[in-house]
Amino acid sequence: MSKALLELRDISVCFEGFYALDNFNLSLKPGELRAVIGPNGAGKTTFLDVISGKIKPTSGDVIFKDKSILGKREHRIARLGIGRKFQSPRVFESLTVHQNLALAVSKPKKPLTLLLDNQQEEQLDQIKHLIKVVNLQSQANILAGSLSHGQKQWLEIAMLVGQDPDLLLVDEPVAGLTDRETDLTADLLKSLSGDHTILVIEHDMEFIRRLESPITVLHQGSVLCEGSMQEVKANKKVIEVYLGQSEDKE
Ligand code: ADP
Ligand code: MG
């Protein structure tokens with residue numbers, strides 16, 4: 001038995017001769033918060049696709065809770081306890097915040113009307129808790145469509161957490177968010193770690209700094225280095241890769 005919740009072992013993904021991932025290795029401990037950074041095209045979304053079962057790697061293995069999940073279908077992997085937050089928010093805009101969460105926490109999937117009639121006290125408590133976690137108490141009864149972009153992202157994170165996954169995959173959650181929303185998103189993910197294992201991909205270095213988590217730097221499909229913000233920033237290979245890029249990547 002390994003101590004890791006998730007292990008990617010020597011993963012390669014070849015798209016028509018081009019290696020998007022090239023012997024990529026990553027290991028996550030239960031409760032860990034891990035940030036993955038890397039230039040555009042480094043393979044970040046591809047490795048999330050491998051974990052969530054959207055892409056089958058050309059070689060390598062994915063171990064989750066000590067078992068290989070290689071080749072399993074996406075919905076089976078989700079049911080095993082891996083939730084994925086895509087880049088753009090996927091909430092039901094014509095339902096309220098509360099209704100969105102009611103759908104997320106409902107165990108057997110029932111039609112919404114039935115669900116609202118028979119809402120168990122336990123589920124109501126859970127919804128209240130989730131609304132508080134993502135600080136949307138004042139928005140509970142407004143339509144998700146009228147939330148700000150950041151609030152939609154938090155609602156979707158709350159919906160995922162409502163399904164109680166062991167592992168949460170979060171792809172670029174702060175693109176298009178205000179600075180304040182970015183800070184709050186970092187604080188939210190930090191507060192969720194411990195109870196959940198969280199893997200977050202992002203470009204925004206202020207956000208990554210605020211996470212105060214170990215960082216994995218991905219470059220051309222492999223791990224360039226791993227460590228704290230300080231270690232990563234001081235790493236020669238990282239400096240070379242980021243040097244000359246127009247954005248302030250530190
Ligand atoms: P990142 O998320 O780090 O920006 P991606 O994982 O999306 O990078 O992509 C890694 C590389 O693989 C890119 O060069 C991209 O063009 C290529 N790629 C991704 N998906 C496909 C695909 N379905 N077919 C061919 N090439 C792909
Ligand atoms: Mg990407």
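Strand S1 (residues 6-15) pairs with strand S2 (18-28) over seven bridges, and the sense of the pairing is antiparallel. Leu6 has Leu28 in S2 standing opposite. S1 and S2 make a hairpin, and two residues lie between them. One residue in the turn, Glu16, has a positive phi of about 45°. This description, like the rest of the report, concerns a predicted model.

Strands of a sheet are held in pairs by backbone hydrogen bonds, and such pairs are either parallel or antiparallel.

## The four-stranded sheet

S1 and S2 are part of an open sheet of four strands, arranged in the order S2-S1-S4-S5 with antiparallel pairing. S2 and strand S5 (67-68) are the edge strands; each has a single partner strand, so one side of each is left without a neighbour in the sheet.

The link between S1 and S4 is antiparallel and consists of five bridges. Within it, Leu8 has Val62 in S4 as its bridge partner. Strand S4 (residues 59-64) is joined in turn to S5 by two bridges, again with the strands running antiparallel. Here Phe64 stands opposite Lys67 in S5.

## The six-stranded sheet

Another open sheet is formed by six strands in the order S6-S7-S8-S3-S9-S10, and its pairing is mixed. Strand S6 (82-85) and strand S10 (222-227) stand at the edges with a single partner strand each, so one side of each is left without a neighbour in the sheet. From one strand to the next, the twist averages 20°.

Which strands run parallel and are joined by three bridges? They are strand S3 (residues 33-37) and strand S9 (residues 215-219). In this pair, Val36 stands opposite Thr216 in S9.

## Helices on the sheets

Helix H1 (residues 44-52) lies across several strands of the six-stranded sheet: S3, S6, strand S7 (167-171), strand S8 (197-201) and S9. H1 runs at about 150° to S8. Helix H7 (residues 179-192) also packs on this sheet, where it touches S3, S7 and S8. The direction of H7 makes about 150° with that of S8.

H1 has a place on the four-stranded sheet as well: it lies across S1, S2 and S4. Its direction there is at about 115° to S1.

Which residues are around ligand 1? They are Phe15, Phe18, Ala20, Pro39, Asn40, Gly41, Ala42, Gly43, Lys44, Thr45 and Thr46. By type, this shell divides into five nonpolar residues, five polar residues and one charged residue. S2 and H1 each supply at least two residues of the shell. H1 gives the most, with three residues.

Backbone atoms of the protein make polar contacts with oxygen atoms of ligand 1. A backbone N or O atom of Gly41 is 2.8 Å from an oxygen atom of the ligand. For Gly43, a polar backbone atom is 3.0 Å from an oxygen atom of ligand 1. For Thr45, the distance from a backbone N or O atom to an oxygen atom of the ligand is 2.9 Å. On its own, ligand 1 has 560 Å² of accessible area, and the protein covers 58% of it.

How values were computed:
Residues numbered from 1 in each chain as written. Chains lettered and ligands numbered in written order. Predicted model: local features only at pLDDT ≥ 70, side-chain atom pairs only at ≥ 80, totals over all residues. Heavy atoms only, no water. Pairing = 2+ DSSP bridges. Axes fitted to C-alpha atoms, helices over the stretch in contact; angles between N-to-C directions. Contact = heavy atoms within 4.5 Å. Near = heavy atom within 4 Å. Polar contact = N/O pair within 3.5 Å; in protein donor to acceptor, adjacent residues only side chain to side chain. Areas by Shrake-Rupley, 256 points an atom, 1.4 Å probe, with all protein chains shown as cover. Nonpolar A, V, L, I, M, F, W, Y, C, P; charged D, E, K, R; others polar.
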